[in-house]
Amino acid sequence: SGIDAKAGAAGNQAFSFETGPLTGAAQINVIQVGNRTIVQGSTDADADAEFVIVLNGLITLTAADFVL
């Protein structure tokens, strides 16, 4: 992907698609809240998302929907 998944590491690392909550760097997950689908991504060692994309509607997304 064009986004480096692991800030501070040399090179351009890929993301992994997680089905549970974010736990560290190089992870993407998808959650549904209300009538929204939320894509979250982490690029550092904590469990907080460094980026979030909110989509209107309940959309089923899998790893195949992303260039990781």
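In the hairpin formed by S2 and S3, 2 residues lie between the strands, and Gly34 adopts a positive phi near 60 degrees. Strands here are DSSP runs (E, at least two residues), numbered from the N terminus, while helices are runs of H or I with at least four residues. The model is a predicted one, in which local features need pLDDT of at least 70 and side-chain atom pairs count only at pLDDT 80 or more, whereas totals for chains, interfaces and linings use all residues. Residues are numbered from 1 along each chain as its sequence is written, and side-chain values use heavy atoms, with hydrogens and water left out.

S1 and S2 run parallel and are joined by 3 bridges, with Phe17 placed opposite Ile28 in S2. In general, the strands of a sheet pair through backbone hydrogen bonds, in either a parallel or an antiparallel manner.

Together the 4 strands form an open sheet of mixed pairing, in the order S1-S2-S3-S4. Strand S1 (16-18) and strand S4 (51-56) are at the edges and have a single partner strand each, so one side of each has no neighbour in the sheet. From one strand to the next, the twist averages 20 degrees; axes are lines fitted to C-alpha atoms, for helices over the stretch in contact, and angles run from 0 to 180 degrees between N-to-C directions.

The protein chain contains 0 helices and 4 strands, and its pattern along the sequence is β-β-β-β. Its radius of gyration is 12 Å, close to the 11 Å given by the globule rule for 68 residues, so the chain is as compact as a globular protein of that length. This radius is taken over C-alpha atoms, and the rule is 2.2 Å times the number of residues to the power 0.38. Along the principal axes, the C-alpha atoms fill a box of roughly 40 × 20 × 15 Å. The chain exposes about 4100 Å², of which carbon and sulfur atoms supply 56% (Shrake-Rupley method with a 1.4 Å probe; for residues, only the protein chains shown count as cover).

Buried residues make up 25% of the 68 residues, where buried means under 20% relative accessible area, exposed over 50%, and partly exposed in between (1.4 Å probe, protein chains only). Ala26, located in the loop between S1 and S2, is buried, with a relative accessible area of 12%. Ala26 also has a positive phi of about 65 degrees although it is not a glycine. Most residues other than glycine have a negative phi.

Thr43, in the loop between S3 and S4, counts as buried at 12% relative accessibility. Residues up to four places away in sequence aside, Thr43 touches Asp4, Ala5, Lys6, Ala7, Phe15, Ala25, Ala26 and Glu50, contact meaning heavy atoms within 4.5 Å.

Leu61 belongs to the segment after S4. Beyond its neighbours within four places in sequence, Leu61 is in contact with Phe17, Val30, Thr37, Val39, Leu55 and Phe66. The C-alpha atoms of Leu61 and Pro21 are 15 Å apart, with 40 residues separating the two along the chain. Of the contacts between residues at least 6 apart in sequence, 23% join residues at least 24 apart.

Terms used: Two strands pair if DSSP finds at least two bridges between them.
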